[in-house]
Amino acid sequence: MKYAGAICRCLAVLWVLLVGMPSRAQNLIPNSGLEDMEQPCVAYPSYDNLTSWTIALCATGAQYLNICGTENGFPSGGTPSNFAGYQVPADGVGYVTTTTFSLNAGFQYQQYLAAPLTEALEPGVEYCFSIHISLADQSAYRTTDLHVICTSYFPTTCNGNDTANWTTESQLILNTTEVDTAEWSVLSGSFIAAGGEEYITIGDFTAPGTPDTIYVGTTSFPSPLAIYYVDDLELRTCESAVAENTKGDLLVAYDAHAGLLNITAPREDQLERITLVDMAGRAVVQVPRSSSPARLNVSGLPFGVYVVQAVVKGTVLSRRVVIH
């Protein structure tokens, strides 16, 4: 199992405090589940089309992966299988990759993921940040740190003249040494805002120098790399309650005798759409709308691992299930 709970259990206590002002409860990171695109995915999904997200000026481009890539005949850009390995999205059907190290490249990657915040941070207020991260299967290395910085200007790495002293000005330095390929880790922390910060940037800011690395084994890549999947990010005031986290819980029970999946939404909410996805990324069962709990007949499906994805109040919730 992951060590996500041990990474920052203190935040769980902070998030159970009473909700403060309603404006402070919202997630300040736009398109935080990395699902919305500016244009429909007609082939290989493009990071450039990812709504709200971009890269720091002159930084190295990141990769966006979505189930639409698999459906359009481009499995290397799909989910859960893709060019970097295999991982079911932590939320919805898409996520990004960030490369933090290349052994044989003539430069070190500066894949600094960046986005404008939905509103500027308030001075003296404590903010809690969390990110889902997983090491891609094709990584021969892992790096040790992930930096998070919120700035009042859009950052640049052009000509080696960074507009931020990344490693010293970062509000958070998250430890990635326990992040592996098995499941998602949740890294989290908190900081006090100076006030007026309007952008968030995420990456291993030790580049273009040589970041600390840990060798984890050979891969099929010609150049050993450290590649991470990133999904489901949050930045909220620490006074926000758990109830403001819209992920919720999707309950899935498999009745092998009847060949049925019983799917229950959080708090008995309406299920707006249900999709059962196989491990090749194909949607094998789809239901447009259903009351909760819903029942899916899966008696004719091959045995194996599947992912149930359900839309509840506009949010995609996912849960793995084994049909046998």
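R273 stands opposite V311 in strand 20. The model is a predicted one, in which local features need pLDDT of at least 70 and side-chain atom pairs count only at pLDDT 80 or more, while totals for chains, interfaces and linings use all residues. Residues are numbered from 1 along each chain as its sequence is written, and side-chain values use heavy atoms, with hydrogens and water left out.

The protein chain has four helices and 21 strands. Helices (H or I, at least four residues) and strands (E, at least two) are DSSP runs, numbered from the N terminus. Of the 324 residues of the protein chain, 52% count as buried. Buried means under 20% relative accessible area, exposed means over 50%, and partly exposed is in between, with a 1.4 Å probe and protein chains only. A contact is defined by heavy atoms within 4.5 Å. Among contacts in the protein chain between residues at least 6 apart in sequence, 74% join residues at least 24 apart.

Strand 20 is a place to begin. Seven of the nine residues of this strand (residues 304-312) are buried, so strand 20 is largely enclosed by the rest of the structure. Two strands count as paired if DSSP finds at least two bridges between them.

On a 1 Å grid over the protein atoms alone, a cavity is a set of points where a 1.4 Å probe fits but cannot get out, and lining residues have an atom within 4 Å of a point. Grid points are joined across faces, edges and corners, and a volume is the space filled by probe spheres set on the points. A search of the whole structure finds one cavity of 30 Å³ or more. The largest cavity has a volume of about 60 Å³. Its lining consists of I67, T79, P80, V88, P89, V93, V277, D278, V307 and Q309. Strand 17 and strand 20 are the elements that give two or more residues to this lining. By class, the lining has seven nonpolar, two polar and one charged residues. In this scheme Ala, Val, Leu, Ile, Met, Phe, Trp, Tyr, Cys and Pro count as nonpolar, Asp, Glu, Lys and Arg as charged, and the others, Gly among them, as polar.

A further part of the fold is an open sheet of five strands in the order 1-6-12-9-10, with antiparallel pairing. Its edge strands are strand 1 (54-55) and strand 10 (172-175), each of which pairs on one side only. Two bridges join strand 1 to strand 6, and I55 has L113 in strand 6 as its bridge partner. Strand 6 and strand 12 pair over four bridges, where A114 is partnered by T201 of strand 12. T201 also stands opposite I149, and strand 9 (residues 145-151) pairs with strand 12 (residues 199-203) over five bridges.

Aromatic rings give another view of the chain. Rings of Phe, Tyr and Trp (its six-membered ring) pair if their centres lie within 6.5 Å; planes under 30 degrees apart count as stacked, over 60 as edge-to-face and the rest as tilted. By this rule the count comes to nine aromatic pairs. One of them is the tilted pair of Y95 and Y229, at 4.7 Å centre to centre and 50° between the planes. Y95 lies in strand 5 (residues 94-102) and Y229 in strand 14 (residues 225-237), so the pair ties together parts that are 134 residues apart in sequence. Both Y95 and Y229 are buried. Y141 and Y215 form an edge-to-face pair, at 5.3 Å centre to centre and 65° between the planes. This pair links strand 8 (residues 141-143), which holds Y141, to strand 13 (residues 213-215), which holds Y215, 74 residues apart. Ring pairs also link Y95, W184 and Y229 into a cluster.

Y141 is buried, with a relative accessible area of 14%. Leaving aside neighbours within four places in sequence, L103 is in contact with Y141 and P224. L103 is placed in the loop between strand 5 and strand 6 (113-116), and counts as partly exposed at 41% relative accessibility. L103 and A140 are 37 residues apart in sequence and 9.3 Å apart in space, C-alpha to C-alpha.

Technical notes
1 Å grid on protein atoms, 1.4 Å probe; cavity = no way out; pocket = protein on both sides within 12 Å on 5 of 7 lines; lining within 4 Å.
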